[in-house]
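Let's take a walk through a protein model together. Keep the viewer open as you read.

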Amino acid sequence: MSDAAKRVLLVDDDRFVRECIGAILEHIGYQVRTASSVDEALKEAPVWSPELVILDVDLGAGGDGITCCRRMREMEGFARTPIVMMTGLASRELVIQAAQAGANGYVLKTTLNIADFTDRLNRILQGPAPTPDSAPDAPPVPAVPAGQDPAPAGPPPDQEGERRIAKIHEPRALPFLATELGKLALSSGATTEDMVNVIKRDPAICAVVLRTVNSSFYRARGKTLSLERAVVGLGFGGLRTLAGSLEKFEDLLDSPESAGFALGYWQHSLACAILARRFAAGGGAEEAETAFLVGLLHDLGRPLLREAFPEFYGEVLRDAAAGVPLREAEQRRLGTDHLEAVCRTLTAWKIPPELVQAIGAHHDSWDQLRRRNLECFRPAAAVAVAERVLTGLAAGWPDDDRIEEVPDDLAALLELRQPELERMLADVYNDLDDFCAVFYLHMREDQALPPLTAQAPPESPSRKAFWVRAAEPRVDTVALALRQSDFAVRSGTTPEQAAEPRPDLVLASAEFVKDVPERLESLRRILHSLGEPAPRALFLAPESALSGLVPPPGIALVNRPLRVTPLLAALA
Ligand SMILES: [Fe+2]
Ligand SMILES: [Fe+2]
């Protein structure tokens, strides 16, 4: 027997079964110790420190395996040890009870053969988190002298990136939400709705619930594409176990850097989820809930990568703050990005592929999105549009600050028009506001947190903008950004339309190079008609059209796609 052989504790009241299965386990490379009752198992476990426990469900006079599993989970060092239940006959109730007691999987004695048994154990062992002591230590990362930029050394080698992503298990939840969930799970008066309300507020908790509910225990009950169904499927016992496993992340808010990351990420995910649910509502309640889930989880790859590459992720964030789109910065520093991390992790967690595909599409160009054959097209489109809208508002921590316009066909599919969109945004701000009040209640006095970035625009803007254009798009992300800067926006093409009320800012834009001369001339004409003192004027056009162009006096040129930071700077 090699030193590397894993220790397994096999618990069965039947000696014949212990001998047979013990022999199979040794044959496939395990070191085996056995126990025949609950008492014996609980005595043996801390002594043997097994890396895998196989527990018979019915131990006869020796007790019952499900109780044994529950008690073992409460023992120190056994919170994450894989526990596999073994039974002669699987019933759904039994499987659910086992999951609620904290088991990771089950095997059927009746259909046992070596190949299937090995395969089943391997799959169970790959699914859940490994024992902390059994997880191989990460190879040392080369030390970077203080103050030296690690980037010149290049991203970690490919296999290192792969290995670290494969090791990702759970993102961190906001600690007080995890505690809240734990309290609810223990209270006798809590309802499913109370539970869903807590879970809905945190992408990390939501991901762990989904992961559990889509595990082998529950998969037979059908795919879970909504949180309500997930919570009902899991039951309060299962949620109690989950809450217990989430509570250990209380250090999340300890450093301002990690608190800032958590806040920005959390705000952006929650705002995206709330908006996407509203956008997808035309497709019915089910699609709306799926859109919510996709929105809540879409950027989960960011905390996952941050956990996997703690020594490099700070650099990624600094690049992003300097204007490099986040995915590009991640690829440059880490050799992978948050899209790849979330899709691979959710796939390994057995989250339904429809959800993973929709999440994987959130950075698609509009054409890519239309071309993909997505089963959850409306939820995916809802999230992609919500992402663009939030970027225009600099809400939370979007992936980059390009304000992308939303095509009319997708806005029509989601039944969106600017006035309704603005009303929906007001709801999002209210929801975030309510929640942030709770958030601040949990802060220590000495904790200085970055301000929340999702701010409602002023109710009645004091400045006026006039956009020189014939038709308004259904959704206008640039106008949203202007609203944030205290501008009310009107459109038109004639000097009469521009004159009253007199604008403080006049804008025009050209999507294509060929349109530049004519659009620029319209802008110049309107400005001329407004007389002195001339209002400020911006002309938006693709970079290729702007290089070498000398603008008429008083007109500032701005690149399309527009970026939030330069826009705000131009308007300051
Ligand atoms: Fe993203
Ligand atoms: Fe995002």
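This is a predicted model: local features need pLDDT of at least 70, side-chain atom pairs count only at pLDDT 80 or more; totals for chains, interfaces and linings use all residues.

Residues are numbered from 1 along each chain as its sequence is written, and chains are lettered from A and ligands numbered from 1 in the order in which they are written.

How confident is the predictor? On the pLDDT scale (the predictor's confidence in each residue, from 0 to 100), the protein averages 78, and 76% of its residues reach 70 or more. A contact here is a pair of residues whose C-beta atoms, placed from the backbone, lie within 7 Å.

Now the overall make-up. The protein has 27 helices and 12 strands, taken as DSSP runs (H or I for helices, at least four residues; E for strands, at least two) and numbered from the N terminus. Of its 572 residues, 44% are buried. That word takes 20 or more other C-beta atoms within 10 Å of the residue's own; 12 or fewer makes a residue exposed, anything in between is partly exposed, and the C-beta atoms are placed from the backbone. Among contacts between residues at least 6 apart in sequence, 67% join residues at least 24 apart.

Next, find the open sheet of 5 strands, which has the order β8-β7-β9-β10-β11 with parallel pairing. Two strands pair if DSSP finds at least two bridges between them. β8 (487-492) and β11 sit at the edges with a single partner strand each, so one side of each has no neighbour in the sheet. On average, neighbouring strands are turned by 25° against each other, direction ignored. Zooming in, β7 and β8 run parallel and are joined by 6 bridges; Val 468 has Gly 492 in β8 as its bridge partner.

Then there's helix α25 (residues 516-530). Which of its residues are buried? They are Val 516, Arg 519, Leu 520, Leu 523, Arg 524, Ile 526 and Leu 527. These residues cover an arc of only 165° around the axis, which puts them on the same side of α25; the arc is taken from the directions from the helix axis to the C-beta atoms. What covers them includes the strands β7 (463-468), β9 (505-509), β10 (536-542) and β11 (555-560), along with α24 (495-499) and α26 (543-546). The face turned away from the buried side carries the exposed Pro 517, Glu 518, Glu 521, His 528 and Ser 529. Just after α25, Gly 531 takes a positive phi of about 70°.

Finally, two residues elsewhere. Cys 206, in helix α9 (residues 203-213), counts as buried because it has 25 C-beta neighbours inside 10 Å. Leaving out residues up to four places away in sequence, Cys 206 touches Ile 199, Lys 200, Leu 227, Leu 296 and Leu 297. Ala 380 belongs to helix α20 (residues 377-392) and is buried too, with 28 other C-beta atoms within 10 Å. Beyond its neighbours within four places in sequence, Ala 380 is in contact with Val 294, Ala 358, Ala 361, Leu 369 and Leu 374.

Notes. Two residues are in contact if their C-beta atoms, placed from the backbone, lie within 7 Å. Axes are lines fitted to C-alpha atoms, for helices over the stretch in contact, and angles run from 0 to 180 degrees between N-to-C directions.
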